[in-house]
Amino acid sequence: MQLERLIEHIVTRVNLNLRNPRADVRPYVSGLVAEDKFAQYYAFYALTPHHPLYFRFHSSSLAGTYFLGKCEVENAVLYKSDIRGDELKKKGTVIKVGNEDVLVYADEIISIRNSILLKTLVHNNSHDPESLEIFRIRNTVALHYSNIHGTCTEGLLLKPFGTVDLSTLHDCVVGVFSYVQVTELSHEHIGDGLVWVRADDAFEFKYQYPENALKKYVDYTPGKTPRGDFMDFLESRKEDFMPVYASVVPELPSDVPESALVSPYAVVKGDTQIGENVLVAQRAYVENSQLGNGANAQENCYIVNSVLEGMDVNAHGGKVIHCHLGQKVFTGFNSFLRGSEDCPVRIGSDSIVMPHTIIDAEEPIEIPAGSLVWGLVNRQSDLEVNSMSLEAFSELKGQFRLGNMTFEGAGKLFVEGFRKRIEHILEENGAYFDDEDTQGHAQKTQGSSYSILQPYPQGDLKGLCPTVTIGDSCHTGRF
């Protein structure tokens, strides 16, 4: 079959890139998804008046994948992934690179080639100054519930629940549940459970999970589906999404304010309240919860039996269960905040929960307002080595160690950078909407229609999507 040959072609291309650090992606890809499934699911391209229309799909499988914005996919296998281009740079935008003002000469486009993305979130807007018009993903294998956010890749194995963020990566391996935001990285092998944030000479934050502790949550053997609490949680709610994807026009909740958006490809159930300017993205799940004004639940986020007071950011893959979040709490990528009815978790306003944080409460846990939290927290006492007040962190200079966390540089710049990013996310998602000039994703993607892309159901091309091109890329050559 052509699909088998395509997968083998991609494996060969990725392995060529990964000669150094000597990685072989074949064991990770072999038998990963039953090939019949690639013929069962349609892909869908969102059409809105606010996002330029262009898509080109050639020699690829797109089973169950969502697209928004200008996209090109060639010789790639995408399975139930999200390719979100709502922040692609527009032609004529001026970008500051060092002391230089650089003009964006054409609308930015997402271009994916020779890659396998399995249940992966791709969010646009390249931070590579050498590639402002093209958000490239080349020769990349990204596995279960991983995130590629603002990051161009060329030669990458991204293991389950891993995240690469606001960076450019060349020929790297990023381990299970590792988070990397380091501007640029080449020929590196990042192990499992590392949270690494670096900004040139300004600061460097590192936290390393204890190996034995992490296996409880995500235990992974190449070529098999991950096991552990993360997957158990997701699998237990899997059936709730089946009616959503069984219909070309899913039913929308009736009690959503006009300024808010609940994607037709999200699940909202139970006694749930949606406030003004709220965004609930596709593949998000909200149950018996309150989302106050301006809060959001991004792709693959789960909000269960929780209260979000308002302006709360839940980044891609964040899970919040039996929690009470004050105003403007940031929950980072793939974080897992699990309280229970007897052991609730309360997080005070203006707090930052670092990406890939696990708070799994064995007793009631209360985190003061204005806190920075990271790592593994099971009990209140764990916060002594896994949190600091943002005020105290801002005072850090030079080298600092606390538990499994090390920091070097200026804490003030680290905190200011996070706060600036949180404001950017709120603005882009429409949390501050009050007129046309302050519209964000929650307002601009209302009333979207969807172009449905069916795969070949049988024959030698089974599972592949027919070649299709619609719209104008605004680029004069191949890329």
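The structure holds 26 salt bridges, a salt bridge being a side-chain nitrogen of Lys or Arg within 4 Å of a carboxyl oxygen of Asp or Glu. Side chains of opposite charge can pair when their charged atoms come close. The model is a predicted one, in which local features need pLDDT of at least 70 and side-chain atom pairs count only at pLDDT 80 or more, while totals for chains, interfaces and linings use all residues. Residues are numbered from 1 along each chain as its sequence is written, and side-chain values use heavy atoms, with hydrogens and water left out.

Take Asp-107 and Lys-70, whose side chains meet in a salt bridge at 3.5 Å, N to O. This pair ties together distant parts of the chain, 37 residues apart: Asp-107 sits in the loop between strand E8 (100-103) and strand E9 (109-113), and Lys-70 in the loop between strand E3 (66-68) and strand E4 (71-74). Strands (E, at least two residues) and helices (H or I, at least four) are DSSP runs, numbered from the N terminus. Asp-107 is buried, with a relative accessible area of 14%, and Lys-70 is buried too, at 4%. Here buried means under 20% relative accessible area, exposed means over 50%, and partly exposed is in between (1.4 Å probe, protein chains only).

Lys-96 and Asp-101 also form a salt bridge, at 3.2 Å, N to O, but Lys-96 and Asp-101 are both exposed. Then there is the salt bridge of Asp-240 and Lys-269, at 3.3 Å, N to O. It links distant parts of the chain, 29 residues apart, with Asp-240 in the loop between helix H4 (229-235) and helix H5 (242-246) and Lys-269 in strand E23 (residues 267-269). Asp-240 is partly exposed at 26% relative accessibility, and Lys-269 is partly exposed at 29%.

Now for a helix. H8 covers residues 411-428, 18 residues in all, and its first and last C-alpha atoms lie 26 Å apart, close to the 26 Å expected at 1.5 Å a residue; that expected span is 1.5 Å times one less than the number of residues. The buried residues of H8 are Gly-411, Phe-414, Val-415, Phe-418, Arg-421, Ile-422, Ile-425 and Leu-426. Looking down the axis of H8, these buried residues fall within an arc of 135 degrees, so they line one face of the helix. The arc is taken from the directions from the helix axis to the C-beta atoms. After H8 comes Gly-430, with a positive phi near 85 degrees.
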